[in-house]
Every structure is written in structure tokens, then in C-alpha cells.
Amino acid sequence: MSKIEEVKANVEKGKAKIVPGLIQEALDEGNAAEIILQAMIDSMGVVGDRFSAGDIFVPEMLMAAKAMSKGVEVLKPHLVSDNTSSLGTCVIGTVEGDLHDIGKNLVKMMLESAGFKMVDLGVDVSASKFIDAVKENENVTLVACSGLLTTTMTAMRSTIQALKDSGLSGFKVIVGGAPVTAEYAAEIGADGFAPDAGSAAVKAQELVKG
Ligand code: B1M
């Protein structure tokens, strides 16, 4: 079994203690950080499919998520660059009712690397918390909303509506997450959409630079 396959298998099994060491070994073998990250993302797809099939349950999903998060910590220095340019502040969070944060954390990492100062509101973030953060932080140029559940996609819509109703200005809104599409993003009035963390950084720069 290759080191990458070992990483995949152990993320799927939720082996949070083993995964970081395996990732270091995979890096030492010369595997690119992006390839290792994609392997872990693929593992989460497998975990999701097993959950849908009723083969595993929430605790196993949670353990796999922990294993991936630990792995991402090892990869982080290899994925981010020291960008000193400033694109302003980005307020990021997973929308209300939704506790998934791995994708949001990857997007945060990439936006930071692109030159944003990041304010991370965490998960289950209400519209009013997004609004407060825009008011409380200086030079907010971007609000980034992540969502993984079809049931909480409506929270994304209401967050954007509340931001518009607040009368605050000077920032763009980008949305993303597995069930979100470019069409849905446009329909709910987002300024931008990205399907993954890498393209979120590219889109965010485009939006803010105009
Ligand atoms: Co949940 N879960 N989960 N879960 N979970 C999914 C999302 C699901 C698809 C699994 C399945 O059934 N196949 C399903 C949703 C179905 C649906 O809505 N249609 C589901 C469900 C049903 C649930 C619960 C309801 C289960 C239950 O309790 N019965 C429950 C809900 C809890 C809640 O949120 N209120 C639940 C709970 C959990 C855990 C807490 C156990 C755990 C999350 C732990 C954590 O995040 N810390 C968990 C996990 C791990 C998953 C899966 C297996 C993996 C998610 C993940 O991290 N993927 C997931 C199945 C799957 O995704 N295939 C599943 C890897 C991550 C890198 O991808 O987050 O998609 P993702 O991010 C991507 C892109 O989407 C994009 O960039 C990232 C990649 O570069 N992206 C953005 C994300 N945000 C973006 C923002 C942007 C731009 C791009 O701009 C701002």
C-alpha cells in the first residue's frame, strides 16, 4: 500500500493519532501537499457514502473528521504562502444550523494565504453574528459563508438578505460548500461562488480587486 493509500485508509477509519505521522512520512517521500489533501477529501467522500448507506454512524463520521483536521494541521505550512499584500478583512463562518467546518477551515487557510486578514466566526453562525462582525472589524472587504447541508442552505439565503437589509456596504459575499451551486449562489444574491478552497481564493481576489 502506498503512503497516500495509507493516509486515505486511516482517515476513513478515523485514526486521528496515526494520520499526522503518516502525512509527514508521505511528505518526506516527496508527495505534494495538494495530492495528500485531495486524498483526504476523497476519504471524506467515502465516509459520507458509508454514512448514507447506513454502514457507519455520526460518531464514526466525527472521528474521520478529527483525523482529517489533524492531518490538515501537518499540511498547513506546505499549503499556505506568506502573502504580505492586504486584501482587507474577511469574515468567515459556517451558516446557522450547520456544524461542518473542515471545508470552511480549508477556505480560511487559502484566503489567508491570498492576503486576507481572517476573522473566523466558527460554525452555526447566525446572520446577526455575521452582521456584528462586519460592524466590529475594520476594513471588511469580504464575507464568506460555508454550508454543507441542504437543510441549512436557506440560512445562507437569509444571511445574505440580512446583510443587505443592514445597510452595511464595502464588502462582497462569497458562498460555497458541497450542495451550493453557482446558480444557487446567484439566486440568493451572493456576489461570488467557488466549488473548492483553491478557487475560493482566486474568486475572492477577483471580487475584492474589482
Ligand atoms: Co455530516 N453530512 N452530518 N457530519 N458529513 C454530510 C455533509 C453528508 C453529505 C453525509 C451524507 O449523508 N452522505 C450529509 C448531508 C446531506 C445533505 O444535506 N444533503 C450529512 C449529514 C446528513 C449530517 C447530519 C445531519 C447527520 C446526523 O446527525 N444525522 C449531521 C448534521 C449536523 C449539523 O451540522 N447540524 C452531520 C454531522 C457531521 C459531523 C459533525 C459528524 C461531521 C462534521 C465534523 C466537522 O466538520 N468538524 C460530519 C462529516 C465529517 C460529514 C462528511 C462525511 C464530510 C464533510 C467534510 O468535511 N468533507 C460529509 C460527506 C461528504 O462531504 N461527502 C457529511 C471534506 C471537506 C474538505 O469538504 O466541506 O465539502 P467540504 O468543503 C469543500 C467544498 O465544499 C468547498 O471547499 C472544500 C474543498 O476544497 N467549500 C467552499 C466549503 N465551504 C466553502 C465556502 C466557500 C467556497 C468553497 O466560499 C465561502
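I looked for the ligand and found it in the largest pocket. A pocket is an open set of points on a 1 Å grid over the protein atoms alone, where a 1.4 Å probe fits, with protein on both sides within 12 Å along at least five of seven lines. A molecule sits in a pocket if more than half of its atoms lie within 2 Å of its grid points.

The model is predicted: local features need pLDDT of at least 70 and side-chain atom pairs 80 or more, while totals for chains, interfaces and linings use all residues. Residues are numbered from 1 along each chain as its sequence is written, and side-chain values use heavy atoms, without hydrogens and water.

Next I checked the shell. I noted 36 residues around the ligand, with Ser52, Leu99, His100, Asp101 and Ser146 as the closest; near means that a heavy atom lies within 4 Å. The shell splits into 23 nonpolar, 10 polar and 3 charged residues. Among the helices (DSSP runs of H or I, at least four residues) and strands (E, at least two), α3 gives the most, 7 residues.

Which protein residue is the donor to the cobalt atom? His100 is the single one, through NE2 at 2.2 Å; donors are N, O and S atoms within 2.8 Å of the metal (3.2 Å for Na, K and Ca), and water is not among the atoms, so sites may look incomplete. I placed histidine 100 in the loop between β1 (89–94) and α5.

Last, I listed polar contacts, pairs of N or O atoms within 3.5 Å. A polar backbone atom of threonine 150 is 2.9 Å from a ligand oxygen.

Conventions:
A polar contact is a pair of N or O atoms within 3.5 Å; within protein, one must be able to donate a hydrogen and the other to accept it, and residues adjacent in sequence count only if both atoms are side-chain atoms. On a 1 Å grid over the protein atoms alone, a cavity is a set of points where a 1.4 Å probe fits but cannot get out, and a pocket is an open set with protein on both sides within 12 Å along at least five of seven lines; lining residues have an atom within 4 Å of a point. Ala, Val, Leu, Ile, Met, Phe, Trp, Tyr, Cys and Pro count as nonpolar, Asp, Glu, Lys and Arg as charged, and the others, Gly among them, as polar.
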